Amino acid sequence: MIKDSIWGNIKALLVTYNFEDENALKVFRKGLDLVLNESTVERVIIIVSIPKTIDKNSLSPHFLIYYNGPGDYSFFGGLKDHQLETELKKSFDALLCFGVMKKNLKNAIRLTVIKKKILVNSELTLDDTYDLELNSASDSPSEVIHFVVETLKKINAHESQI
C-alpha cells in the first residue's frame, strides 16, 4: 500500500520552510530526518527562507539546506546562488511547502519540474498552484511532518486527480 502512495513514490523531494528561529529549525530538521531515514527518498533539497535581518553565515550549516533571503536575488529577481540555481534545474517528484512561500522563491522555482506540489499549514486558501493543501492542528514541526507523511502514505499516487 505504501509503495503505491504519493509518499512511497517520492525519490526526489524539494522542501521549503520559513525560518522562525534556530531552535525551531533544528526541531524541523530532526523531524524531517526521522521520516526521510525510513523513506524511499534519494535526493532532498531544503530551502529555508530567512528574513533580511538574519545573517545566513551565522546559522548552522547543513549539506541539504540552502538558506535563502532577500539578498540572494538580483535587482531583476534572478537567483544569485548558482549552486541552488543548478539544483532547481533538476526535476522533483514532490514539493513540500511549509507555510507561505516567499514571492522571490516562488518565482525562482516556477520553471522547476515538480510532479506534486503540496502546501502545508499555510494561511493561503485555495492556491491553485498546489495540487494538495494539508493543515495540521499542531504547531510542533515534528508532529506536522509526521502528519504530512502519514497523510501522503494514504493517498494513491496513481490517481489522476488529488
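## A guided tour of the sheet and its salt bridges

The structure holds four salt bridges, a salt bridge being a side-chain nitrogen of Lys or Arg within 4 Å of a carboxyl oxygen of Asp or Glu. The model is predicted: local features need pLDDT of at least 70, side-chain atom pairs count only at pLDDT 80 or more, and totals for chains, interfaces and linings use all residues. Residues are numbered from 1 along each chain as its sequence is written, and side-chain values use heavy atoms, with hydrogens and water left out.

**The sheet.** Begin with the strands, which are DSSP runs of E with at least two residues, while helices are runs of H or I with at least four residues; both are numbered from the N terminus. Six strands form an open sheet in the order β3-β2-β1-β4-β5-β6, with parallel pairing; two strands pair if DSSP finds at least two bridges between them. Select 65–68 and 132–134 to see the edge strands, β3 and β6, each of which pairs on one side only. On average, neighbouring strands of this sheet are turned by 20° against each other, direction ignored. Angles are taken between lines fitted to C-alpha atoms, for helices over the stretch in contact, and run from 0 to 180 degrees between N-to-C directions.

Next, select β5, residues 114–120, which pairs with β6 in the parallel sense over three bridges. Ile-118 has Leu-132 in β6 as its bridge partner.

**Helix α1.** Select residues 22–37. This helix, α1, lies across β1 (12–18), β2 (43–49), β3 and β4 (92–98), and runs at about 160° to β1. Contact here means heavy atoms within 4.5 Å.

**Lys-56 and Asp-72.** Display these two side chains, which meet in a salt bridge at 2.6 Å, N to O. Lys-56 is in the loop between β2 and β3 and Asp-72 in the loop between β3 and α2 (82–87), so the pair links distant parts of the chain, 16 residues apart. Lys-56 is partly exposed at 29% relative accessibility, whereas Asp-72 is buried at 10%. Buried means under 20% relative accessible area, exposed over 50%, and partly exposed in between (1.4 Å probe, protein chains only).

**Lys-115 and Asp-93.** Because Lys-115 lies in β5 and Asp-93 in β4, the pair ties together parts 22 residues apart in sequence. Lys-115 is exposed at 59% relative accessibility; Asp-93 is buried at 14%.

**Glu-150 and Lys-153.** Finish at helix α4, residues 141–154, where Glu-150 and Lys-153 are separated by about one helical turn because they are three residues apart. Their salt bridge has its closest N and O atoms 3.2 Å apart. Glu-150 is partly exposed at 29% relative accessibility, and Lys-153 is partly exposed at 22%.
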